[in-house]
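Please open the model in a viewer and keep the selection tool at hand. The stops below are arranged as a tour, each with something to select.

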Amino acid sequence: MRYRSHLAELKTTLSAHQLEVLNSEMVRLHKSALTAYALWLVLSWFGVHHFYLERPWKAIAYILAFTVGAAGLVLGFLLSWVMDETWSLAFRGAAVGGGLVLAGWWFVDLVTLHKQVERYNEEMEAQVIEALREPGGPPRPEQRSRPWPLYLNN
């Protein structure tokens, strides 16, 4: 809440033109909680909702947990036919561990995803405001090395 009041305070320092630019950029950059939850519901085992919120490392962690769990499950059952039960149990344990980690993250995202989306939108708005307040304004497209406002993260 304090962050949002800080953004409102910063907006009062912008000119009418800067506010127009801010609004148009926020329409372009805005992420929807409904879309994030839809991705979470359908493809969360692969972390797609985190890719949507531009957090690839969290998405990769989801993919790794899913891969460990799935590989442990498959190898555990395959090895139970050809090797002794010790290796089979070890791989099944990895499957349970990967599944528990993934289930824990899945539940946390169920409860907090709307706040994660809200935080993302606020951070994008802060970056756009920061760029608009810089002397000379935001860089022109030919001056940017990455899509605006992500060039600010250099």
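Throughout this tour, buried means under 20% relative accessible area, exposed means over 50%, and partly exposed lies in between (1.4 Å probe, protein chains only). The model is predicted: local features need pLDDT of at least 70, side-chain atom pairs count only at pLDDT 80 or more, and totals for chains, interfaces and linings use all residues. Residues are numbered from 1 along each chain as its sequence is written, and side-chain values use heavy atoms, with hydrogens and water left out.

**The whole chain**

Begin with the chain in cartoon view. Its secondary structure consists of six helices and zero strands, in the order α-α-α-α-α-α along the sequence. Helices (H or I, at least four residues) and strands (E, at least two) are DSSP runs, numbered from the N terminus. Of the 154 residues, 31% count as buried. The chain exposes about 9800 Å², of which carbon and sulfur atoms supply 68%; such areas come from the Shrake-Rupley method with a 1.4 Å probe, and for residues only the protein chains shown count as cover. Where contacts (heavy atoms within 4.5 Å) join residues at least 6 apart in sequence, 57% of them join residues at least 24 apart.

**The nonpolar patch**

Next, select Leu 41, Val 42, Leu 43, Trp 45, Phe 46, Phe 51, Trp 57, Ile 60, Ile 63, Leu 64 and Phe 66, which make a nonpolar surface patch of about 1100 Å². Patches are made of residues with over 30% relative accessible area and no salt bridge; like charges are joined within 9 Å, and nonpolar side chains (Val, Leu, Ile, Met, Phe, Trp, Tyr) within 5 Å. A salt bridge here is a side-chain nitrogen of Lys or Arg within 4 Å of a carboxyl oxygen of Asp or Glu. Helix H3 (33-43) and H5 each supply at least two of the patch residues, and H5 gives the most, with five. Leu 64 is found in helix H5 and is exposed, at a relative accessible area of 53%.

**Aromatic pairs**

Now display the aromatic side chains. Rings of Phe, Tyr and Trp (its six-membered ring) pair if their centres lie within 6.5 Å; planes under 30 degrees apart count as stacked, over 60 as edge-to-face and the rest as tilted. The whole structure holds five aromatic pairs. Select Phe 46 and Phe 66, an edge-to-face pair at 4.8 Å centre to centre with 65° between the planes. This pair links distant parts of the chain, 20 residues apart: Phe 46 is in the loop between H3 and H4, and Phe 66 is in helix H5. Phe 46 is partly exposed at 38% relative accessibility, and Phe 66 is partly exposed at 31%.

Move on to Tyr 62 and Trp 105, a tilted pair at 5.4 Å centre to centre with 35° between the planes. Because Tyr 62 lies in helix H5 and Trp 105 in helix H6 (residues 85-133), the pair ties together parts 43 residues apart in sequence. Then select Tyr 37, Trp 40, Trp 45 and Trp 106, which ring pairs link into a cluster.

**Two last stops**

Select Lys 31 and Tyr 52: the charged end of Lys 31 sits over the ring of Tyr 52, 4.8 Å from its centre. The criterion is NZ of Lys or CZ of Arg within 6 Å of the ring centre and within 35 degrees of the ring normal.

Finish at Glu 54, in the loop between helix H4 (48-52) and helix H5 (56-82). Most residues other than glycine have a negative phi. Glu 54, although not a glycine, has a positive phi of about 60°. Glu 54 is partly exposed, at 38% relative accessibility.
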